[in-house]
Amino acid sequence: MPDRTIEALLLEDRTFVPPPAFGQTATMRDERVYDEAAKDLEGFWARAAGDLHWFAKWRTVLEWAPPYAKWFVGGRTNIAYNCLDRHVKAGRRTKAAIIWEGEPGDERVLTYGDVLREVSKFANVLKSLGVKRGDRVTIYMPMIPELPIAMLACARIGAPHTVVFGGFSAEALRDRINDAQAKVLITADGGWRRGNIVPLKRNADEALAGTPTIEHVVVVRRVGEAAPIHFQEGRDHWWHRLMADAPAVCEPEPMDSEDLLYILYTSGTTGKPKGIVHTTGGYMVGTYLTTKWIFDLKDDDVFWCTADIGWVTGHSYIVYGPLANGATTVMYEGTPDYPDKDRFWAIVEKYRVNIIYTAPTAIRTFMKWGPQYPARRDLSSLRLLGTVGEPINPEAWIWYHQHIGGGRCPVVDTWWQTETGMILITPLPAITTLKPGSATRPFPGVAAEILNEQGKPVGPNEGGYLVLTKPWPAMLRGIYRDPDRYVQQYWSRYPGVYFTGDGAKRDKDGYFWLLGRVDDVINVAGHRIGTYEVESALVDNPAVAEAAVIGVTHDIKGQAIAAFVTLKEGFTAGAEMVDTLKQHVVKKIGALARPEQILFTGELPKTRSGKIMRRLLRDIAEGRVLGDTTTLADQTVVQALKQRYEEEAG
């Protein structure tokens with residue numbers, strides 16, 4: 001990240017103070033917590049850990065020998081016990097734990113007592129299949145309640161789980177099974193997506209042709225006769241048949257705080273899969289406290305994180321964080337636009353959701369569709385909005401605040417990673433004055449800095465590399481079976497400092513502005529321009545719903561800016577709009593950031609988790625063969641875009 005960085009985002013000067021009524025009842029409303037955590041890091045996290053159940057208390061809060069940390073050393077606990085038994089014993093047996101909505105409209109509500117019973121039974125099923133403490137279990141499932149039940153059952157008996165997103169291909173599944181050396185695979189006959197069946201068991205069968213460590217496959221019946229499947233006798237087992245005979249009591253395994261809880265493979269990797277390792281105690285404490293404070297969680301709240309559990313957001317903020325707090329968590333199987341573009345808001349209305357946590361990509365899509373869809377529904381139950389996954393453009397933030405939150409709900413824009421396990425940079429909604437587009441401040445007990453190439457802190461309004469200078473409880477403990485890669489990737493740039501791979505800058509008030517991955521930077525005639533800054537300038541125009549910006553080879557400048565733009569309903573693409581948008585970027589940022597090319601498209605290529613695949617856009621613009629497209633939500637989008645780009649480029 002350069003010393004000379006165009007300061008587009010820092011022109012954003014709108015602020016939103018916490019509503020007084022919100023602060024009066026907030027879970028955390030004392031700003032002194034930041035100083036207290038900074039002065040006594042270990043004491044701060046120990047107090048949070050004290051809210052939870054431990055079979056044996058830790059003897060040391062933190063052992064830190066960079067790049068290796070151990071938290072709550074000597075402590076013994078079980079995260080499934082903390083998510084379930086603890087609440088049942090406290091009188092929450094009949095409280096809703098999981099509210100599930102299937103894409104076809106089917107629904108289930110499972111109480112804490114229900115989930116504890118099902119988790120205990122499935123834990124006994126796993127034991128009956130020979131799964132022991134330390135054995136890895138791969139989960140490849142749709143968004144159905146059996147997915148978190150399987151995760152918690154693994155955690156209950158000390159068998160690390162590795163969830164593979166249901167949108168991944170057979171090849172990706174095979175690679176992850178083999179890297180984890182998993183003993184059991186849990187899957188389903190299929191899942192629903194936009195009225196079509198996702199053939200999970202068929203994909204699993206293809207993957208299993210090359211997975212020598214898998215001994216058993218457990219299959220949930222989800223789609224039934226709609227998708228007949230192959231069944232291999234002796235290897236494959238129906239979930240419901242195994243559960244019918246399983247005992248309903250399974251004592252939780254006391255786990256060492258540093259025992260492996262799960263492996264999660266990061267998306268978009270090439271070559272050898274990168275399995276991020278998370279352990280038990282620190283991860284439990286980090287997700288518990290961040291869920292409680294950032295989302296201002298109350299006992300009667302209905303909390304909906306719209307992510308897929310196949311990603312870390314779903315692990316931390318659908319399953320472990322909300323359930324550790326005894327909350328009611330919502331799961332939805334399908335897409336935001338099926339059967340109509342108001343499906344999310346229909347779910348908010350139906351279940352009286354209080355807190356929603358979704359991605360900026362989804363918000364920009366909602367903007368494109370128009371405010372008439374949320375206006376159809378009663379969203380008055382909402383009192384807090386969250387965003388996750390990538391930096392949010394200020395105009396998308398404002399739209400979300402106005403049209404979803406009715407102008408009354410604080411917006412918590414959060415930054416974190418698969419590797420960090422928990423949210424690290426975020427507002428606290430009753431304390432922090434909000435700025436659209438800024439993730440604001442590090443969470444109490446988190447130490448973040450922005451450094452230049454030489455490892456020196458940058459000044460206000462200067463771009464640099466976002467780093468973390470002290471350990472935090474939910475941090476990754478390594479890359480599975482690849483310690484050298486762990487050190488090289490995260491700890492080699494600056495000694496003793498965690499390198500996030502993200503660019504950022506900090507304004508005069510100390511607020512952090514995330515700029516995206518450091519490789520999402522374009523070098524135009526020696527000036528480095530963040531793609532996110534240009535995208536935000538484009539989305540600032542009232543005609544633009546969404547934009548993706550990439551760098552393309554240029555004979556004179558080295559690189560030039562190409563923008564793929566989706567317009568809102570009612571606006572017309574054409575030469576006049578191209579000129580309007582180019583001038584708008586110049587006005588917002590400067591002439592250096594003027595896009596060389598603008599291509600209008602109805603859709604951008606996105607993964608099923610909603611992230612724009614800029615890598616494929618670069619392939620299109622450079623005329624290369626398209627890379628791996630298996631994680632795309634709709635593979636026809638990128639093919640159509642490639643054809644149009646080639647036609648317009650001549």
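How are H4 and H5 oriented to each other, oblique or parallel? I started my notes with this pair. The model is predicted, so I kept to its rules: local features need pLDDT of at least 70, side-chain atom pairs count only at pLDDT 80 or more, and totals for chains, interfaces and linings use all residues. Residues are numbered from 1 along each chain as its sequence is written, and side-chain values use heavy atoms, with hydrogens and water left out.

**Entry 1: H4 and H5**

I looked up helix H4 (residues 79-92) and helix H5 (residues 112-128), whose axes come within 9 Å and cross at roughly 140 degrees. Helices here are DSSP runs (H or I, at least four residues), strands are runs of E with at least two, and both are numbered from the N terminus. Axes are lines fitted to C-alpha atoms, for helices over the stretch in contact, and angles run from 0 to 180 degrees between N-to-C directions. H4 and H5 are therefore oblique to each other; the cut-offs are under 35 degrees for roughly parallel, over 145 for roughly antiparallel, 65 to 115 for roughly perpendicular, and oblique for the rest. The crossing of H4 past H5 is left-handed, a term for a near helix turned anticlockwise from the far one by less than a right angle.

On the H4 side I noted Cys 83, Leu 84, Asp 85, His 87, Val 88 and Arg 92, and on the H5 side Tyr 112, Gly 113, Val 115, Leu 116 and Val 119. Contact means heavy atoms within 4.5 Å. By class, I recorded seven nonpolar, two polar and two charged residues in the contact of H4 with H5. Ala, Val, Leu, Ile, Met, Phe, Trp, Tyr, Cys and Pro count as nonpolar, Asp, Glu, Lys and Arg as charged, and the others, Gly among them, as polar.

**Entry 2: the cores**

Which residues have the most contacts inside the largest nonpolar core? I found Trp 45, Phe 122, Leu 152, Ile 186, Phe 295 and Tyr 320, in a core of 144 residues. Helix H6 (residues 146-157) gives the most to this core, with nine residues. A nonpolar core is a set of buried Ala, Val, Leu, Ile, Met, Phe, Trp, Tyr and Cys residues joined through side-chain atoms within 4.5 Å. Buried means under 20% relative accessible area, exposed over 50%, and partly exposed in between (1.4 Å probe, protein chains only).

I then followed Ile 186: leaving aside neighbours within four places in sequence, its contacts include Phe 122, Val 137, Met 141 and Trp 239.

**Entry 3: covered helices**

I checked helix H13 (residues 360-369) and found ten of its ten residues buried. Arg 364 and Lys 368 are among them. Just after H13, Gly 370 takes a positive phi of about 110 degrees. In helix H8 (residues 200-208), seven of the nine residues are buried, so H8 is largely enclosed by the rest of the structure.

**Entry 4: backbone exceptions**

Most residues other than glycine have a negative phi, and most peptide bonds are trans. I listed Arg 194, with a positive phi of about 50 degrees, in the loop between strand E9 (191-193) and strand E10 (196-198). Arg 481 also has a positive phi, about 60 degrees.

A cis peptide bond joins Pro 66 and Pro 67, with omega about 10 degrees. The bond from Tyr 338 to Pro 339 is cis too, with omega near 5 degrees.
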